[in-house]
Amino acid sequence: MTDFLVIVALAALGAALVGLLAAPAVRALRRRSVALSLFAVAALAVAAMAAGTVAVAQAMFLSGHDLGVVMAVVAVSGVVSLAAALLFGRRIAAGSRELARSARTVGSEGGFVAPDEPPTAELAALSRALEETSARLAEARERERALDGSRRELIAGISHDLRTPLAGLRAMAEALEDGVAEDPARYHARIRIEVERLSAMVDDLFELSRIQAGALALTLSRVSVYDLVDDALTGARPLARAGGVRLVDGGVAPLPVRVDAQQITRVLGNLLVNAIRATPAEGTVAVSARQDADRVVLAVEDGCGGIPPEDLARVFDTGWRGGSARTPRADGQAGAGLGLAIVRGIVEAHGGRATVRNAGAGCRFEVALPGPGA
């Protein structure tokens with residue numbers, strides 16, 4: 001047993017001596033090629049094994065022939081080990097270089113193209129991570145393009161919507177100043193209407209900016225959907241009467257929800273105003289509310305004639321104004337494309353979801369809100 005311990009100690013001493021001598025070289029290779037590093041590690045292992053073997057052989061007083069056999073075995077094993085380490089290291093280095101070249105395509109228009117069969121599991125995992133990152137960057141780029149397009153449409157629309165009433169206000173003000181207005185009271189009433197419309201547009205812009213900045217403060221309380229719908233219908237009835245549109249009850253259950261009553265009333269009001277303006281005279285707009293699992297779904301269905309399928313995904317985008325399938329507003333003015341964007345922002349701030357689909361003679365807008373226990 002003592003001899004065995006002596007042999008182990010001698011082998012460990014020889015290997016440790018080689019390790020101490022090779023430590024500076026290992027530190028010097030920290031930032032060098034992985035192939036060179038693997039070769040150095042293999043060389044260190046071979047040298048440590050050879051040193052331990054020589055130390056043990058000397059202690060055991062082997063014959064010259066036996067010592068030569070042992071060293072030959074060590075030499076052959078070392079050469080094979082070094083060759084394998086060199087080949088494997090070069091393969092890893094080549095895979096790393098190929099992955100580095102592919103990584104330069106992350107975020108490009110063509111997208112990331114993963115190299116074929118990375119040599120190690122780590123490089124394969126890195127390749128998958130880069131592929132996922134490239135996909136997320138592509139999605140972000142597409143969203144940015146869509147937002148940029150929406151912003152351009154919004155600026156163009158707002159500019160048009162401001163130019164027309166401002167020109168009318170200027171003309172009416174000049175007529176009143178020159179004393180050529182035949183009916184000043186009618187001019188004053190018209191000026192008040194235009195100012196209110198401009199004020200509402202500015203309010204919508206301010207509200208949308210708060211929503212997009214995440215600064216919309218909600219005051220949540222438990223209320224009945226029936227009361228919310230009733231308040232929204234009360235505000236929409238004058239517009240419906242003026243346009244010859246009938247508001248009908250599509251089945252409103254007195255379901256409880258925990259929401260900001262003022263904001264959800266505004267959501268319903270925006271949906272009703274859009275529905276009424278898009279529905280021709282003698283048409284109907286139906287409002288309903290139902291329970292769907294742990295959600296309460298409010299719906300407004302109009303008779304606009306439907307929305308083109310290619311536009312359905314853009315309905316809630318900022319600046320969207322609709323296409324030829326929707327009837328123009330009764331007052332001849334196009335909306336600024338803010339109402340539905342505000343609807344989506346308020347609903348999502350409540351943790352809900354706003355959707356639209358074609359149904360019957362028009363389209364159906366649905367707002368899914370969390371129940372009181374959500």
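**Entry 1: overall composition.** I began by noting that the model is a predicted one. I then looked up the secondary structure and found eight helices and seven strands in the protein. For burial, I read that 34% of the 374 residues count as buried, and for the surface, that the protein exposes about 21500 Å², of which carbon and sulfur atoms supply 60%. I also looked at contacts with a separation of 6 or more, and residues 24 or more positions apart account for 71% of them.

**Entry 2: the sheet.** I traced an open sheet of five strands in the order β2-β4-β5-β7-β6, and its pairing is mixed. At the edges I found β2 (246-252) and β6, each with a single partner strand, so one side of each is left without a neighbour in the sheet. From one strand to the next, the twist averages 15°.

**Entry 3: a helix on the sheet.** I next asked which strands helix α7 touches where it packs on the sheet. Helix α7, residues 261-278, touches β2, β4, β5 and β7, and I noted that its direction makes about 25° with that of β5.

**Entry 4: two antiparallel strand pairs.** I followed strand β4 (residues 284-292) alongside strand β5 (residues 295-301), and these run antiparallel, joined by seven bridges. Within this pair I located Q291, which stands opposite V296 in β5. I then turned to strand β6 (residues 353-359) and strand β7 (residues 362-370), which pair in the antiparallel sense over seven bridges. Here I looked up the bridge partner of R353 in β7 and found A368. The strands β6 and β7 form a hairpin with two residues between them, and in the turn I noted G360, whose phi is positive at about 60°.

**Entry 5: helices α4 and α5.** I looked at how helix α4 (residues 121-178) packs against helix α5 (residues 184-212), and I recorded an angle of about 155° with the axes 10 Å apart. Since an angle over 145 degrees counts as roughly antiparallel, α4 and α5 are therefore roughly antiparallel to each other. I also noted that the crossing in which α4 passes α5 is left-handed. Lastly I listed the residues that meet between these helices: on the α4 side they include I158, L162, P165, L169, M172 and L176, and on the α5 side they include P184, Y187, I191, V195, L198, M201 and L205.

Technical notes:
Residues numbered from 1 in each chain as written. Predicted model: local features only at pLDDT ≥ 70, side-chain atom pairs only at ≥ 80, totals over all residues. Heavy atoms only, no water. Helix = DSSP H or I, 4+ residues; strand = E, 2+ residues; numbered from the N terminus. Buried < 20%, exposed > 50% of the residue type's maximum accessible area, 1.4 Å probe, protein only. Contact = heavy atoms within 4.5 Å. Areas by Shrake-Rupley, 256 points an atom, 1.4 Å probe, with all protein chains shown as cover. Pairing = 2+ DSSP bridges. Axes fitted to C-alpha atoms, helices over the stretch in contact; angles between N-to-C directions. Parallel < 35°, antiparallel > 145°, perpendicular 65-115°, else oblique. Left-handed = near helix turned anticlockwise from the far one by under 90°.
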